[in-house]
Amino acid sequence: MAGTVLVVEDEPQILQLLEFWLQSEGYDVVTASDGRAAVEQLDGDPTDIVILDVMLPHVSGIEVLEKIRSLPGWRDTPVLMLTAKRAEQDIVRAFDAGADDYVAKPFQLEELVARMQRLMRGRGRRDEG
Amino acid sequence: MTAGAETVVVELAIRTGVVALVLTGLLLVVAFLARYGLVRRRHRRSDVEAAWMPLLLNAMRGEVPDQVRTLRRPERGAVLALWNQLADTVQGAGYEHLVAFARRADFGQAARRLLRHRDAAARLAAAATLGRLQDVRSVRSLQDLLDHPNLALRAQAARALIRVDPDTGLRTAAPLVARWDDCHPAAAVAILTPAGPARAAAAVAVELRATDNPGRQVRLVKILDGLRQPSGVDAVRALLRSTENPEVISACLHVLAEYRDSADADLVRRFADHPAPFVRVQVVNALGRFRLEDLDFFVEKLGDRDWWVRYRAAHALVAMPLLEPGYLEDLAAHHPDRFARDALQQAMTEREAA
């Protein structure tokens, strides 16, 4: 297994796409379809990485990210944000809140996986250090 | 009142009550049927999506079965909407595989038929599909949609035409989006961008040079602002040198502020004493963004008669990196104009709080 990933995305079809793609790449995928459900997932064991949409109902992606960064178990989990194209302000806010990287929609699925792997390798090196 | 009259009143009341009861019953039946129809449509749609989603997901990985069945009539709208949603989300190989799958399953034919559907959502999905499939056979039908009262349909048809053939599509769409006052400039940018931002900017610049209508000029300048291409900025500079309309000047200055080329500073300064305060605001804003050490200019504008100009000038001063320590504090304490001191103190406080 390549690792565990929490995917937070409110569009059911996109969530299904990401789940399918990441599973076929060997990831164990946990999903949440809105910000509130994502925060509930944070009560469980941390995943190896989080993919987080910025625009979410109930609790925004930025708020979920802030919650992740405030929890001791999840604090060091790499977070990759999904943003709309040309959403510069969202990107700046996400980095300010502690995001590790972002991918703008429309994205290349291969690039998404490559960025996830890079973040997870970086985390692995930090843990060893 | 006589007994006969009383009987008539009672009878009238009973009849009115019966009619009201019947109407209420009918209303309930209509509401139930509408709700039932909605739930049924939703179920049907989710059944269709459940059947097609695995096919589309596998197709994105390049795994297409030897036999792909064509779309049945009731499936068309839901499947094309789903396919477009996936196509909106991905690019690269996944997108190309999706398009290849749609060609193989003859989504083009389904979309051409759906383009005549009475439901606008179905027609939107159809137009988007035909654009993505670069379906030359549908050009005529898409062109017919360009004067539709529904903006979303018009916009989707224009975008589809650009996808089918960028050059011809742009020649058709650019003059139209210049005229569509109900279409926000950002939406116009989204319509034109499939042709490539540089090509789109060149087409919009042609429209800008061709019009002397100030309202249309402002609109086209805002579209060029969204496209952020050098050729577009050149057209904006040329317009700024020739126009006298304050709204047009303001829109042009906004573009130059966003473009942040300090070589434009002299052109921008020409409007520093313009009578319209919103023009002076744009001047200060632009020069502030150029990051020039234009200290005297901003100190002078700190005393402008308009609050927004003073406020922007104060922020430009606060953002200057190479000022002597204590300079701003001294200015905020001793500037002869009370309003200038207020503006500077406010900007300094906002900077500290940020």
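Trainee: Which elements of chain B each supply at least two residues of the lining of the second largest pocket?

Mentor: They are α1 (3–60), α2, α4 (107–114) and α5 of chain B, where helices (H or I, at least four residues) and strands (E, at least two) are DSSP runs numbered from the N terminus. α1(B) gives the most to this lining, with 6 residues. Before we go on, note that this is a predicted model, in which local features need pLDDT of at least 70 and side-chain atom pairs count only at pLDDT 80 or more, while totals for chains, interfaces and linings use all residues. Residues are numbered from 1 along each chain as its sequence is written, chains are lettered from A and ligands numbered from 1 in the order in which they are written, and side-chain values use heavy atoms, with hydrogens and water left out.

Trainee: How much space lies in the second largest pocket, and which residues are the closest to its centre?

Mentor: A pocket is, on a 1 Å grid over the protein atoms alone, an open set of points with protein on both sides within 12 Å along at least five of seven lines, whereas a cavity is a set where a 1.4 Å probe fits but cannot get out, and lining residues have an atom within 4 Å of a point. Points are joined across faces, edges and corners, and a volume is the space filled by probe spheres set on them. Here the second largest pocket holds about 700 Å³, and B:P74, B:G77, B:A78, B:H117 and B:D119 are the closest to its centre among the 20 residues that line it.

Trainee: What volume does the largest pocket have, and which residues are the closest to its centre?

Mentor: The largest pocket has a volume of about 1400 Å³, and of its 35 lining residues, those closest to the centre are A:K85, A:P106, B:R159, B:A190 and B:T193. In chain B, α2 (76–89), α5 (120–132), α7 (151–164), α9 (185–192) and α11 (214–227) each give two or more residues to this lining, and the largest share, 5 residues, comes from α2(B). A:P106 has another feature, for the peptide bond from A:K105 to A:P106 is cis, with omega near -5 degrees, and A:P106 is found in the loop between β5 (101–105) and α5 of chain A.

Trainee: How many salt bridges are there between chain A and chain B?

Mentor: A salt bridge is a side-chain nitrogen of Lys or Arg within 4 Å of a carboxyl oxygen of Asp or Glu. There are 2 salt bridges between chain A and chain B, and in one of them A:E88 is paired with B:R228, with the closest N and O atoms 3.9 Å apart. On the side of chain A that touches chain B, the elements that give two or more residues are α1 (12–24) and α5 (109–128) of chain A, with α1(A) giving the most, 7 residues. B:R228 sits in the loop between α11 and α12 (230–242) of chain B, and B:R228 has a positive phi of about 50 degrees although it is not a glycine.

Trainee: How many cavities of 30 Å³ or more does a search of the whole structure find?

Mentor: The search finds 1 cavity of 30 Å³ or more. The largest cavity has a volume of about 60 Å³, and of the 10 residues that line it, the closest to its centre are B:G288, B:R291, B:L292, B:A316 and B:M320.
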